[in-house]
Amino acid sequence: ETHHKTNIAEFSMSEQAEDLLTKLSISDSNNVSNQWPCKRVYDPNCGRFIRSTRALAKGEVVMEGIPYSLIVYPKCRSTVCSACMKTFRTEKEARSALKLHNQNKDSNLNDGTSGCLACKEVWYCSNQCRDNKDPALQHLSTECKAFQKMYGTNQKLSHDDIGELKLLVRILCRRHDEIQKRGSNADPQLGYSQVSDLVSNREFIQKMDPDRYERFSEMKRQAYRILPPQVLEGLNDNDVIDISCIVACNGFGVWNKKLESAK
């Protein structure tokens, strides 16, 4: 896209990563090296992008990157693992599992699956996935409380927009957690500053796609509604809208059409 001067989103696609998710990846210049069949290119009209240096084989890994945040879209939240992104059950099985969860008041089942009974937005296919300590996957208490308020009567977002709001909330909560842990357990590889440094194209989106910009503004209003003030401390309105713009320009989604007909 002519006006999108963004950092490249770098990622690898595994067989398990075929299900619906949104994943924000951060540019890492070390990934674009001789070991990958591609090179970084800059064009004054097209911005920054990558170009293959040879013919690519089907299924070949082109690049790898570290995600800052990733989520499963709401319509797949009970069937797709929030850690490995694998579809591990049908919607019918998910309804039966949730019934057992509620009856037993237990977030774990005998088959190893588990989930958050408070917000019901995060589910895991195994104990291994539940115990994954990757910062991009952490389900923080501030996030959980916000997720519980996402579907309130005051929200004016579509189902897909709620998925983007869910990602916005996770990014903001991780940022707040980083500030709380600064100098101790913060992830040394990747921080919020690397997200905020990405090009947002906010003014371009506002001018050329006002409807989309209004959606981002509504997400900002909803974030203010469902998040405590301390999570948003240090950010102004444009900073929060910038995150949605950055995700739009630098994030990517992966989906499986089979999920549309899954029962």
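## Cysteines, a core and crossing helices

Search the whole structure and you find zero disulfides, where a disulfide is a pair of cysteine sulfur atoms within 2.5 Å. Before we go on, note that this is a predicted model, in which local features need pLDDT of at least 70, side-chain atom pairs count only at pLDDT 80 or more, and totals for chains, interfaces and linings use all residues. Residues are numbered from 1 along each chain as its sequence is written, and side-chain values use heavy atoms, with hydrogens and water left out.

Back to those cysteines. A disulfide is a covalent bond between the sulfur atoms of two cysteines. Which cysteine sulfur is closest to that of Cys81? The one in Cys129, at 3.7 Å, which is too far for a bond.

Cys81 is also buried, with a relative accessible area of 0%. Here buried means under 20% relative accessible area, exposed means over 50%, and partly exposed is in between (1.4 Å probe, protein chains only). Cys173 counts as buried too, at 1%, and so does Cys38, at 5%. You'll find Cys38 in strand 2, residues 38-43. Its C-alpha atom is 7.2 Å from that of Val62, although Cys38 and Val62 are 24 residues apart along the chain.

Now zoom out. The protein chain has nine helices and seven strands; these are DSSP runs numbered from the N terminus, with helices being H or I of at least four residues and strands E of at least two. Of the chain's 263 residues, 46% count as buried. Look at contacts (heavy atoms within 4.5 Å) between residues at least 6 apart in sequence: 69% of them join residues at least 24 apart.

Next comes the inside. A nonpolar core is a set of buried Ala, Val, Leu, Ile, Met, Phe, Trp, Tyr and Cys residues joined through side-chain atoms within 4.5 Å. The largest one here has 55 residues, and those touching the most other members are Cys81, Leu165, Leu168, Val169, Leu172 and Leu227. Several elements supply at least two residues each, among them strand 4 (67-71), helix 4 (159-181) and helix 7 (210-226). Which element gives the largest share of this core? That's helix 4, with eight residues.

Let's visit two of those core members. Leaving out residues up to four places away in sequence, Cys81 touches Val72, Lys86, Phe88, Trp123, Tyr124, Cys125 and Cys129. Val169 lies in helix 4 and is buried, with a relative accessible area of 0%.

Finally, the helices. Two packed helices are described by the angle between their axes and the distance between the axes. Helix 7 and helix 9 pack at about 125°, with axes 9 Å apart; axes are lines fitted to C-alpha atoms, for helices over the stretch in contact, and angles run from 0 to 180 degrees between N-to-C directions. That makes helix 7 oblique to helix 9, since angles under 35 degrees count as roughly parallel, over 145 as roughly antiparallel, 65 to 115 as roughly perpendicular and the rest as oblique. Residues making this contact include Phe216 and Tyr224 of helix 7, and Val240 and Ile241 of helix 9.

Helix 4 meets helix 9 as well: their axes come within 10 Å and cross at roughly 120°. Here Leu167, Leu168, Ile171 and Leu172 in helix 4 meet Val240, Ile243, Ser244 and Val247 in helix 9.
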